[in-house]
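Please open your viewer and keep the selection panel handy. We will take the structure one stop at a time.

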Amino acid sequence: MPRCVSVRLCWVSCNAKPVERHGLTTVAPLPYWRLSGFYLFYFALLGATAPFLALYFHHLGFSSARIGELVAIPMLMRCVAPNLWGWLGDYTGKRLLIVRLGALCTLFSFALIFVSKSYAWLALVMALHAFFWHAVLPQFEVITFAHLRQQPERYSQIRLWGSVGFILTVVILGRVFEWLSLDVYPVALIVVMAGIVLCSLWVPNAQPSTEGRQPLAGGFLAQLRSPGVLAFYACVALMQMSHGPYYTFLTLHLESLGYSRGVIGLLWALGVLAEVLMFMGMRRILLHFSLRRVLMVSFLLASARWLLLGSFADNVGALLLAQLMHAATFGSFHAAAMTFVQRSFGPGQQGQGQALYATLAGIGGAMGALYAGYSWNTLGPTITFSMASVAALAAAVIIATRLQEDRP
């Protein structure tokens with residue numbers, strides 16, 4: 001057999017899933033680049049909002065309290081939207097349609113930002129576009145795992161392209177905002193949102209498979225009462241709450257310490273680069289270590305990271321170390337959390353399981369943005385980040401005491 005044919009057959013066998021067609025089992029290749037492209041643009045949007053949204057509101061003249069409220073609104077929408085869309089996805093099975101409509105409505109609703117820059121109008125725009133934006137990712141995660149079938153540990157190899165999109169966006173926009181006014185910020189977001197819409201049209205559909213899985217007794221609520229599941233979701237909320245000061249005020253914090261916007265963009269990119277490297281190694285990590293251990297270490301490192309950012313961000317070495325720790329506070333945590341959700345719920349409950357994850361993350365993120373907004377000027381960065389450290393430490397204790405040790 002020629003070498004090129006041999007290599008091609010090997011690639012197909014490693015990236016394929018079985019498909020039943022006319023009574024015969026054929027092999028369908030994993031749509032790796034289509035799935036990865038969607039993650040790239042979706043998290044490019046996060047890269048455009050997490051470091052720069054608060055900076056844009058500050059540019060418009062809002063106080064830190066108002067900034068915290070505006071940043072919290074999209075997170076609060078995660079308390080409502082994912083559960084509604086998750087139930088609809090499980091009930092209808094039309095997950096990809098929900099993804100496409102959600103992406104399109106996100107674009108159109110955010111475009112309303114060009115109408116007015118008043119606080120009330122911006123609050124409406126934040127709520128409206130977030131209602132549709134948060135419909136997208138939980139349903140797409142189900143589609144991704146449906147394509148992966150019996151190889152869910154490969155999820156991180158696809159998800160890492162979302163981190164690449166984040167890196168590209170923060171670096172490019174960091175430079176753009178040094179050259180141009182922040183008035184161009186809404187245009188940049190519209191461009192990224194259009195990319196999400198186009199990528200959603202490129203992705204093929206897939207449904208969760210029951211093959212090789214034992215049926216889970218009871219419905220969604222019954223699975224929530226399984227040992228450790230509720231404790232896990234509580235820790236999801238705590239982890240996102242601990243990220244409140246980071247996502248809301250890190251850019252302003254570093255600017256006040258004398259870092260330029262270009263350097264700040266590179267620092268955000270460094271954190272996500274560490275996340276990418278972690279995603280590349282997560283398949284081996286999850287094959288050798290239990291989810292409980294991975295989650296517990298992620299929480300402990302998050303607690304240490306927030307202390308570094310709150311007290312030592314003026315030290316370049318400490319700041320670089322803190323950003324490298326993003327590999328744990330998001331990379332290993334998210335990959336392990338997605339695997340936990342996929343293992344804990346049956347095919348007909350995956351959408352609701354992912355939606356609840358997004359909801360609890362939204363509640364925690366909103367609480368984090370709100371307390372950070374109210375405490376930033378009154379208590380200062382050190383105390384605010386210390387509160388974040390306590391939240392992450394509490395999550396580590398809960399995981400250590402409530403989650404059962406699972407076999408990798």
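**The whole chain**

Start with everything displayed as a cartoon, and keep in mind that this is a predicted model. Colour by secondary structure, and the protein shows 18 helices and 2 strands. Of its 408 residues, 57% are buried. Among contacts between residues at least 6 apart in sequence, 83% link residues at least 24 apart.

**The nonpolar cores**

Next, select Phe38, Phe57, Phe232, Tyr233, Trp268, Phe299 and Tyr357 and show their side chains. These residues have the most contacts inside the largest nonpolar core, which has 128 residues. Now stay with tyrosine 233 and ask what it touches beyond its neighbours within four places in sequence. The list is Leu224, Val341, Phe345, Gly353, Leu356, Tyr357 and Leu360. Then move to Met77, Ala81, Trp85 and Phe132: they belong to a second, separate core, made of 8 residues.

**Helices 6 and 9**

Select residues 95-110 for helix 6 and residues 185-202 for helix 9. Their axes lie 9 Å apart, at an angle of about 160 degrees. An angle over 145 degrees counts as roughly antiparallel, so that is how helix 6 and helix 9 run relative to each other. The crossing of helix 6 over helix 9 is left-handed. To see the contact, show side chains on both helices: helix 6 contributes residues including Leu96, Val99, Arg100 and Phe110, while helix 9 brings, among them, Pro186, Leu189, Met193 and Leu201. Sorted by class, this contact has 14 nonpolar, 2 polar and 1 charged residues.

**Helices 12 and 14**

Hide that pair and select residues 244-256, helix 12, with residues 291-312, helix 14. What is the angle between helix 12 and helix 14? They pack at about 30 degrees, and their axes are 11 Å apart. Helix 12 and helix 14 are therefore roughly parallel to each other. Helix 12 also passes helix 14 in a left-handed crossing. Show Tyr246, Leu250 and His253 on helix 12, and you will find them meeting Arg305, Trp306 and Leu309 on helix 14. The class count for this contact is 4 nonpolar, 1 polar and 1 charged residues.

**Arginine 305**

Centre the view on arginine 305, still in helix 14. Is arginine 305 buried or exposed? Its relative accessible area is 0%, so arginine 305 is buried. Apart from neighbours within four places in sequence, arginine 305 is in contact with Tyr246, Ala322, Gln323, Met325, His326 and Thr329.

**Helices 17 and 18**

Select residues 350-379 for helix 17 and 381-402 for helix 18. The two axes come within 7 Å and cross at roughly 145 degrees. On helix 17, show Tyr371, Ala372, Ser375, Trp376 and Leu379; on helix 18, the contact includes Pro381, Ile383, Phe385 and Met387. The contact residues divide into 9 nonpolar, 2 polar and no charged.

**Serine 226**

For the last stop, select serine 226, in the loop between helix 10 (220-224) and helix 11 (229-242). With 24% relative accessibility, serine 226 counts as partly exposed. Finally, draw a distance from serine 226 to serine 344: the C-alpha atoms are separated by 8.4 Å, although the two serines are 118 residues apart along the chain.

Note on methods: Residues are numbered from 1 along each chain as its sequence is written. This is a predicted model: local features need pLDDT of at least 70, side-chain atom pairs count only at pLDDT 80 or more; totals for chains, interfaces and linings use all residues. Side-chain values use heavy atoms; hydrogens and water are left out. A nonpolar core is a set of buried Ala, Val, Leu, Ile, Met, Phe, Trp, Tyr and Cys residues joined through side-chain atoms within 4.5 Å. Buried means under 20% relative accessible area, exposed over 50%, partly exposed in between (1.4 Å probe, protein chains only). Contact means heavy atoms within 4.5 Å. Axes are lines fitted to C-alpha atoms, for helices over the stretch in contact, and angles run from 0 to 180 degrees between N-to-C directions. Helices (H or I, at least four residues) and strands (E, at least two) are DSSP runs, numbered from the N terminus. Angles under 35 degrees count as roughly parallel, over 145 as roughly antiparallel, 65 to 115 as roughly perpendicular and the rest as oblique. A crossing is left-handed if the near helix is turned anticlockwise from the far one by less than a right angle, and right-handed if clockwise. Ala, Val, Leu, Ile, Met, Phe, Trp, Tyr, Cys and Pro count as nonpolar, Asp, Glu, Lys and Arg as charged, and the others, Gly among them, as polar.
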